[in-house]
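Please examine the sequence and the structure shown here before reading on.

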Amino acid sequence: MVLEHVQNKNKIFHWVLNDQNSEPEEILRVLRRAAVDNDFIAQLTDQGSLALQGYDLSQQAKAALVSGDLRWVEARVGKLTARLRTWIDRRLQQEIW
């Protein structure tokens with residue numbers, strides 16, 4: 001098992017992950033991190049798919065996450081909660097194309 005740490009304003013969040021993550025689980029992992037880590041959101045905005053290095057994602061998944069393609073993401077992982085939509089909502093509000 002892999003233990004991931006995400007720190008946000010003096011709080012540390014932990015997720016225990018299986019060694020063999022499927023792509024939907026990896027997508028959710030990215031979205032969970034983005035929901036609590038503003039620095040990660042800045043990296044996604046500024047660096048695009050480079051911010052997703054270390055995640056086991058296809059090029060399609062990276063493109064969908066970076067562009068905020070809610071329809072594609074929800075087709076793979078199911079309906080997202082407002083919390084998990086944090087990055088996608090912020091991306092869609094940006095006027096960067």
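## Basis of the model

The model is predicted; local features require pLDDT of at least 70, side-chain atom pairs count only at pLDDT 80 or more, and totals for chains, interfaces and linings use all residues. Residues are numbered from 1 along each chain as its sequence is written, and side-chain values use heavy atoms, with hydrogens and water left out.

## Helix α5 and its cover

Helices here are DSSP runs (H or I, at least four residues), numbered from the N terminus. Helix α5 spans residues 86–93, and its residues Thr-86, Trp-87, Ile-88 and Arg-91 are buried. Buried denotes under 20% relative accessible area, exposed over 50%, and partly exposed the range in between, with a 1.4 Å probe and protein chains only. The cover over the buried residues of α5 includes α1 (23–36), α2 (38–47), α3 (59–67) and α4 (70–77).

Leu-44 belongs to helix α2 and is buried, at a relative accessible area of 2%. Leaving aside residues up to four places away in sequence, Leu-44 is in contact (heavy atoms within 4.5 Å) with Ala-51, Leu-52 and Trp-87. Leu-44 and Arg-91 stand 47 residues apart along the chain, with 9.0 Å between their C-alpha atoms.

## Salt bridges

Three salt bridges are found in the whole structure. The term requires a side-chain nitrogen of Lys or Arg within 4 Å of a carboxyl oxygen of Asp or Glu. Side chains of opposite charge can pair when their charged atoms come close.

One of these bridges joins Arg-29 and Glu-26, at 3.0 Å from N to O. Both residues lie in helix α1, three residues apart, so about one helical turn separates them. Arg-29 is buried at 16% relative accessible area, and Glu-26 is buried at 2%. Another bridge links Arg-85 with Asp-89 at 2.9 Å, N to O; here Arg-85 is partly exposed at 22% relative accessibility, and Asp-89 is partly exposed at 27%.

## Asp-37 between two helices

Asp-37 occupies the loop between α1 and α2 and counts as buried, with 9% relative accessibility. Asp-37 forms a salt bridge with Arg-33, whose closest approach between N and O atoms is 3.4 Å. Arg-33 is partly exposed, at 22% relative accessible area.
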